[in-house]
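Hi there,

Here is the structure I promised to send over.

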Amino acid sequence: MKVAVITGISGQDGAYLAQLLLSKNYKVVGIVRNLNQRLHGLEYLNIHDQITLELCDLWEQASILRLLSKYNPDEIYNLAAQSSVGLSFEYPVETLKFNITSVLNFLEVIRLFNKNIKFYQASSSEMYGVVKELPIKITTPMHPLSPYAISKASGFWTGINYREAYGMHCCSGILFNHESYLRSHNFFVKKVVSQAVKMLKDSSLLMYLGNLDVNRDFGYAPKYVEAMWLMLNTDMPKDYIICSGKSISLRSIVEYVFDKLNLNTSNIRISSDLIRPTDILDIYGDNTESVKVLGWNYDLDFYKVLDLLIEEELMNNSLMN
Ligand code: NAP
């Protein structure tokens, strides 16, 4: 039986990845910061009892060494991060320090302990920031526009450095935005869908949003985690762009959700507090390599994903007919 360690198991991707690996008969070790914390994603997917939870302090190499000595895993999926672009402007030092140090600590311990352990790093399309040409390819120069993006770019290059310098199997998945029912409430799509569903019960609720005239390439998280596993289970370690290949505007997402639920958009307020100091106007990627080399297949239109998210949100709010 293969053993996989997942950091960030309490997050959206951690839960769906754990579900996928269990379905492939892995022993899954999930890293948490506190053994008493509620793991809503694992509970929601009903897999909580099948995961071995471990405390591991990603700031400390000794803590990671203890973990690897105990399990000698085949694969490590490093998903833990301060993952919000917005929060990274409020906590730039913490974001940079944690998102960079945790990657370096893992790679250094793997190098010294067992270089055959395969390592997946959760990288992000945000690393590209301002680009001269779309779609984004792996060769597109990076111009990160937030502390989060800078931290992710550093983690990305650290992985490449360990691959090139020590021949380690490190892969970065450069994932574009991906959504699900398990996304945290501070992320745009989840916020719009969940608050809109609440507005069905209480028409006096207001929804505060930031700049809606930006475009993003959005996808569906349960499908995106499949690409993570494929990367560690393909012979040649490489980095891959994982995206839908199309962008849509935040405004059209709001309009679609409100229209679908027969809500009036007059309850939406634009708040200057939610407008970022710097923002990417449009971004979408090219997934040709991941489809061709990894055999990853993705053909979900984002409006179909929105239909799924709305349906799941309604079901969990007991508002279905
Ligand atoms: P998420 O739901 O925000 O989860 C983040 C995870 O990181 C949580 O499990 C959190 O644990 C953990 N974490 C945060 N700070 C930590 C710290 N100081 N020490 C230990 N653990 C810490 O993120 P996600 O959407 O699943 O994304 C997974 C990864 O992919 C992240 O690295 C994110 O940056 C990256 N990514 C996501 C997207 C996307 O669209 N979702 C796109 C590109 C890249 P706690 O519960 O203990 O806070």
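Start with helix α5 (residues 92-113) and helix α6 (residues 147-166), whose axes come within 8 Å and cross at roughly 15°. Bear in mind that this is a predicted model. Angles under 35 degrees count as roughly parallel, so α5 and α6 are roughly parallel to each other. Their crossing is right-handed. On the α5 side, the residues making the contact include Leu 96, Ile 100, Val 103 and Leu 107. Over on α6, Tyr 148, Ile 150, Gly 155 and Tyr 162 are among them. If you sort the residues of this contact by type, you get eleven nonpolar, seven polar and three charged.

Next, find Leu 68, which sits in helix α3 (residues 61-71). Is Leu 68 buried or exposed? Its relative accessible area is 0%, so Leu 68 is buried. Leaving out residues up to four places away in sequence, Leu 68 touches Pro 73, Ile 76, Val 109, Ile 110, Phe 113 and Ile 117.

Now zoom out. The chain has eleven helices and 13 strands. Its radius of gyration is 19 Å, close to the 20 Å that the globule rule gives for 321 residues, so the chain is as compact as a globular protein of that length. The C-alpha trace spans about 60 × 45 × 40 Å along its principal axes, and 52% of the 321 residues count as buried. Finally, of the contacts between residues at least 6 apart in sequence, 78% join residues at least 24 apart.

Cheers

Terms used
Residues numbered from 1 in each chain as written. Predicted model: local features only at pLDDT ≥ 70, side-chain atom pairs only at ≥ 80, totals over all residues. Heavy atoms only, no water. Axes fitted to C-alpha atoms, helices over the stretch in contact; angles between N-to-C directions. Helix = DSSP H or I, 4+ residues; strand = E, 2+ residues; numbered from the N terminus. Parallel < 35°, antiparallel > 145°, perpendicular 65-115°, else oblique. Left-handed = near helix turned anticlockwise from the far one by under 90°. Contact = heavy atoms within 4.5 Å. Nonpolar A, V, L, I, M, F, W, Y, C, P; charged D, E, K, R; others polar. Buried < 20%, exposed > 50% of the residue type's maximum accessible area, 1.4 Å probe, protein only. Rg over C-alpha atoms; globule rule 2.2 N^0.38 Å.
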